[in-house]
Amino acid sequence: MTFSFEGMDRLFRAHGHTLHDIALLRGGQFLRIPDVVVWPECHSHVEELVALAFKYNVAVVPIGGGTNVTGAVDCKRDEQRMIVSLDTSQMNQILWIDDGNLVAHVESGIIGKDLEDRLQKRGYTTGHEPDSYEFSSLGGWVATRASGMKKNRYGNIEDLVVALRAVTPSGEWRSSGTYPRVSTGPDMNHVMIGSEGTLGVITEVTIKIRPIPPLRKYASFVFPDFDCGVKFMRQVARDRCQPASLRLMDNQQFQFGQALRPSKGPFGLIVDGLKNFYLTRLKGLDINKICVATIVMEGTIKEVAVQEEKLNTIGLEFQGIPAGEHNGKRGYQLTFAIAYIRDIGLNYGVVAESFETSVPWDRVVNVVNNTKSRLEKECADRKFSHSFISARVTQVYDAGACIYFYFAFNYGTMSMLQAVEVYEELEIIARNEIMASGGSLSHHHGVGKIRKKWLPSILTSNAINVLHSIKNTVDPQNIMAAGNLVFD
Amino acid sequence: MDTATLEVTPAESSSRFTVKNYVDIVEKQKHQFDAFFCLKLWRPKPNLHPEATKMIIEKILNSPQMKDTIHQFLLEGHSNLSNCEDVVAQIKTILEDMGHTYKFSTVRVIGFFLAKLLRNLYQGVAINNDGVLKLSKAMSQGPVLLLPTHRSYADFLLISYLCYTMDIPLPVIAAGMDFKGMKFVNRMLQNAGAFYIRRSFGHDQLYWAVVSQYIQYHIVNFQAPIEFFLEGTRSRNGKSLPPKTGLLSMALEPYFRGDVPDVQICTVNISYERTLEEKLYAYETLGVPKPRESTSGFLSAVGKIRGQNYGQIYINISDPISVRDHISKRTEPNWNTPSFRFSLSEYERDSIHCLAWSLIRKQQKETITPVSAIVMSALTVNKQLDIEQLVQLIVLMNSLLAKYGTPCLIQNESVVQSVKDCLDVHKLIIHPVADGFFSCQTALREGEDVQTQAADRLVLQQYTNQLLGPLINVAVFSLIEASDPKEPNNIISESAFFAKYFKNEFVLISNLTQQELTSFQENVTNEMLKRILRALLQPYLESYFIILNLISMGFSTISELTLQYRNMVSTVLVEGASKFPEILAIDKIYRHVLNLVANGHLRGVKTNQTASYHQIDDISPIIVRIEPYLDERLKRFMTLHRKKTAVMQSHL
């Protein structure tokens, strides 16, 4: 088994991708980093490692792609024991693919992009596409209850996992088999799904795969205001005709996206001017109010055509104007760009970060309005020269939607670390506002360390006790000492 | 806001309110045709859309909340309404009966008459310009509640007039159902944005739900501010009443439910040099029932007051406060309640209660004291004064008010003129006696009954209370200090006693802090001022003393207490045991009983629809505690009276 005491290797695994982590990397100091990094190569290696850790009372923190935005792999400052960072990246094989049942058995350390490339060579896809999928790992997805952009067609990670295998300090944890569905008491897979590295190391996952769809098509709609856009989304969900991906950008984000467009020649400008004229003069839209829905459709040519027609009908019903494929594609790509933009901004006096929530349908507009209003006020109180608050509805469900907020401000004369502290304070205020207005603690980012403090107020004491009992059973010595969720 | 429309600027106005940005909104009207005024360009933002008004009923009926209420109502099985259509019809009737039917034309017509009336009755209406600007800014940000003080029926007309003049959206006004009785006028008011609600909802769940929905509709779909009176009714005695929280809770519910990011509240503090209803109030507090609102009554009242001089009106719009800054929403999600079945948590109720109290205190503190309040106070205590003495007192009192309340709106060089104006406005009560002296104390004429005399004094008290209200703590301080110069700590503990038992009577009363005490000791040094304030407080102590004695003698229902109180006070006055005929007013009895219940001395028991109150904690210590501050004659009278009753009871 490979291992390393190298400083860089250890530092690299001491952080995730929160704003805080990035700021510390650029101008701060990590107070505690792992003492050793180990790269197991298969399930039995992990078994061996965890058994040793149990024997010598060593803390283990598993890490996959390291793209968490919750402080989930950050080392606890007061951990007295040795900390082993268990890097799963060498467990990256597809062990088998079952064409008949359309499942693949994959080692957990595989990175999303690799998994997708290799599956596509065989004509398959998982369809799981979180924004981070170029860097994040399968095991990480399972451990944090990840959600993908195209969940409407393929499902979230909990829908995709058929079976899994993990190692806990008190032994192996695995599903009873690759059955499509069982009624054998509570679903024990869910003990591991979303456990955030606190109960064991997920080593192998049997995941659903789908044949690659013959057609992928983008589309977009412009709505006169956010309200209309949300009503459109609601109707799509009600009719259950959601395409693979359906997102709604608010006005701020639309304008932001426009600002990011590559500059065009004189001809492009004329075309833009004409488009603008059409929307604002002929259609009577207010450029400072409009919002845009971006759509990705997948399936056979026929399927896509049917879907497109349905969406067009609903779109028109809520005053939507079809705005073409190009805008849809751009909206889709903007998602991947945004994480990079954040890191660049930090060097130019801008603090930016995103946070998400899930909300019942009747609260969507309220949560967006209240959170924006709250943050605007807080920014005004703090006299920031510029601030940017934007929201996007990124997922639709039968009973509600997922909302993604982007928040940025100029930090002026503050130091970067101070600015990040202020940001964190503001995110807490925003989260309280979200929850008071009817939103959840997290839709897919998870709890990690930064949202621990809310758990006692949203889980019953019964639920917390059950979590502790599970922990005591599988890990009495707290070997899996990542310290996420309700655990120390 | 378009500044060009705010033509009334201090420089232009020739009124004497050049202080602190105050402008006179009637001034301009004196040089302009009313027809121009009512046809003026008026485009406030946001604004009620008459078209949208027609949709309100339908929108409310289709809201998830209303649907749920109907469903629940049917499940509970109420007698005569057994199917959905009936309930919907019932709700429609309530809404049609209640709702405003905002029309632009009516607003202009009313504006025409109001402009005439205001010009006719008043010398001027002063208003703080920056308050108006802040208010209109608040309205561009989100829902706003307008909470005026309520001293007169003129209040809500004034506010609508003000909004119309200053290009602010006209408010939607919660008015009492009693206005509904006025034919024609009720329609007019409804067209101008008033909606009618019953004074008490009792257990009528459906009615409650409908009113609540109606108010919340206006908050969530914000087009116009909602105006209602925190005090619930017109204060008949010139000082603020304890707040009612019903409407406030309804209006704030959308904020707690998360339907709106924030609600801003703006108190509007109105004071009058002379109130239209001064005489009526006096008799109402004596127990004469208030005349029913009717159109003919309204018209004859208008006829009666026309041509009289009612002096100045002062409007002080306070800075809007944001509810979000004062009360945070609960952060833990309410997992099993859908948003349409939201109810306020106990914490939220308590916070609203506190907010209501602080708003009332703010109102009392920020109301501009009219000159007449000081003039009357001075004349109540002194037999006669000349103009020079009055001016001197006003200047002194004003500097005190500047520290602990809101002073009169006068400049030093114009004090003499304002005193003259005040004497002119109140010439029915204040009359000249020889040598340029003025007095408001009539010699007791032969054959005049106590009631008439008390009524006269109660009119005076309406004005003197406007001084006592904001300066109550100073008054209590002077009272304690004068009774027996004591240790600072004693003064503080004694002030706590008054704060506890007079909480409902004076909203600003509070336990003195060491800091306040020092401040009073430094700033309140003029013996004359102290004497005036003490004297104003005296009738309240006497009333309380008598009420306490009656309770300890075993009278337990409000009606019994009222009857006995009236008898006893009549005897007291006839025998000359008190110098204050105004103690004949019976409005304090209920307030004191409620206060004693809240302080754990009494417990209310309801039997056959009459509530009786029984002592659970001896109240004689309170009597003992208050005695040192009372006049010897009254104490002697009471001792004798109690002895007599004891003898009588032993004979029975």
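In the predicted model described here, strand 8 of chain A (residues 161–168) is mostly covered, with seven of its eight residues buried, where buried denotes under 20% relative accessible area, calculated with a 1.4 Å probe on protein chains only. Strands (E, at least two residues) and helices (H or I, at least four) are DSSP runs numbered from the N terminus. Strand 8 of chain A pairs in the antiparallel sense with strand 10 of chain A (residues 201–208) over six bridges, pairing being assigned if DSSP finds at least two bridges, and A:Leu164 stands opposite A:Val205 in strand 10. Four bridges also join strand 8 of chain A to strand 9 of chain A (residues 171–174), again antiparallel; a hairpin of two residues connects strand 8 to strand 9, and A:Thr168 faces A:Gly171.

In chain B, the axes of helix 21 (residues 527–552) and helix 23 (residues 587–598) come within 10 Å and cross at roughly 65°, the axes being lines fitted to C-alpha atoms over the stretch in contact and the angles running from 0 to 180 degrees between N-to-C directions. Residues of helix 21 of chain B, including B:Tyr540, B:Tyr544 and B:Ile547, meet residues of helix 23 of chain B, among them B:Ile589, B:His592 and B:Leu596, contact meaning heavy atoms within 4.5 Å.

Residues are numbered from 1 along each chain as its sequence is written, and chains are lettered from A in the order in which they are written. Local features need pLDDT of at least 70 and side-chain atom pairs count only at pLDDT 80 or more, whereas totals for chains, interfaces and linings use all residues, and side-chain values use heavy atoms, with hydrogens and water left out.

Methods
Buried means under 20% relative accessible area, exposed over 50%, partly exposed in between (1.4 Å probe, protein chains only).
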